[in-house]
Amino acid sequence: MQTDPDCVFCRIVAGAIPAARVFENDRVLAFLDIGPLAEGHLLVIPREHYARLEQMPPDLAGDLARCLPDLARAVLRVTGAPGYNLLQNNDRTAGQVVGHVHFHIIPRHDGDGLGYRWNASSYPPGRAEELQRRIRDALATSPA
Ligand code: 5GP
Ligand code: ZN
């Protein structure tokens with residue numbers, strides 16, 4: 001199993017630094033975010049070190065995703081939040097600070113003031129079709 005001695009989440013997996021763990025199995029660990037955006041904000045990580053989601057073996061990504069519904073349900077029940085955001089950042093440009101794959105489960109309440117810019121745009125004529133074709137071609141040459 002690959003680990004990175006300089007990675008804070010690998011150090012949590014190893015027990016070298018403490019974390020408020022709420023769930024673990026042989027491949028996945030979930031714990032409270034130390035800087036919560038809301039009470040109950042969880043991080044869900046693979047035990048093995050991968051910096052980014054697209055680098056993970058699909059079966060491990062599946063193991064990670066499989067844990068999310070139960071964890072989300074538990075957080076909703078405990079916090080009383082009616083909703084949550086699932087957030088998974090890849091790369092500094094996307095807001096990733098810790099280079100070990102993680103899903104955030106962030107409880108949401110009416111008027112909580114959390115949010116992000118969603119500056120929707122639109123495609124000029126032909127551009128969506130071009131992207132559709134190119135992404136389909138990319139999947140065909142590098143299948144999931
Ligand atoms: P990112 O911006 O990479 O998606 O989010 C990284 C998250 O990891 C942040 O929300 C931050 O609060 C959390 N975090 C960073 N270091 C630690 C730590 O040592 N322990 C815990 N529990 N969370 C951490
Ligand atoms: Zn790591």
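Colleague: How many bridges join strand 2 to strand 3, and do the two strands run parallel or antiparallel?

Modeller: Strand 2 and strand 3 run antiparallel and are joined by 5 bridges. As a general idea, two strands pair if DSSP finds at least two bridges between them. Helices (H or I, at least four residues) and strands (E, at least two) are DSSP runs, numbered from the N terminus. In this pair, L29 has I45 of strand 3 as its bridge partner. Before we go on, this is a predicted model, in which local features need pLDDT of at least 70 and side-chain atom pairs count only at pLDDT 80 or more, while totals for chains, interfaces and linings use all residues. Residues are numbered from 1 along each chain as its sequence is written, chains are lettered from A and ligands numbered from 1 in the order in which they are written, and side-chain values use heavy atoms, with hydrogens and water left out.

Colleague: Thanks! In what order do the strands of the open sheet lie?

Modeller: The order is 1-2-3-5-4, an open sheet of 5 strands with antiparallel pairing. Strand 1 and strand 4 are at the edges with a single partner strand each, so one side of each has no neighbour in the sheet. From one strand to the next, the twist averages 20 degrees; axes are lines fitted to C-alpha atoms, for helices over the stretch in contact, and angles run from 0 to 180 degrees between N-to-C directions. You can follow the pairing along the sheet: 3 bridges join strand 1 to strand 2, with R21 opposite F31, and 3 bridges join strand 3 to strand 5, where V44 has F103 as its bridge partner.

Colleague: How do I check the span of helix 2?

Modeller: The expected span of a helix is 1.5 Å times one less than its number of residues. Helix 2 (residues 58-79) has 22 residues and should span 32 Å; its end C-alpha atoms are 31 Å apart, which agrees. There is a bend too, by about 30 degrees at L68, with a proline, P69, following within four residues. A bend at a residue is the angle between axes fitted to the seven residues ending there and the seven starting there. After helix 2 comes G80, with a positive phi near 75 degrees.

Colleague: Which strands do the buried residues of helix 2 pack against?

Modeller: Contact means heavy atoms within 4.5 Å. The buried residues of helix 2, including L60, L64, L71 and V75, pack against strand 1 (21-24), strand 2 (28-32), strand 3 (42-46), strand 4 (83-87) and strand 5 (103-108). Helix 2 runs at about 160 degrees to strand 3.

Colleague: How many aromatic pairs are found, and how is such a pair described?

Modeller: A pair of aromatic rings is described by the distance of the centres and the angle of the planes. Rings of Phe, Tyr and Trp (its six-membered ring) pair if their centres lie within 6.5 Å; planes under 30 degrees apart count as stacked, over 60 as edge-to-face and the rest as tilted. A search of the whole structure finds 2 aromatic pairs. One of them is F9 with F31, edge-to-face at 5.5 Å centre to centre and 80 degrees between the planes. This pair links distant parts of the chain, as F9 is in helix 1 (residues 8-13) and F31 is in strand 2, 22 residues apart. Both F9 and F31 are buried. The rings of Y116 and W118 have centres 5.9 Å apart and planes at 40 degrees, so that pair is tilted.

Colleague: Are Y116 and W118 buried or exposed?

Modeller: Y116 is exposed, at 54% relative accessible area, and W118 also counts as exposed, at 68%.

Colleague: What else does F9 touch?

Modeller: Besides F31, F9 touches L43, I45, V98, H100 and H102, not counting residues up to four places away in sequence.

Technical notes
Buried means under 20% relative accessible area, exposed over 50%, partly exposed in between (1.4 Å probe, protein chains only).
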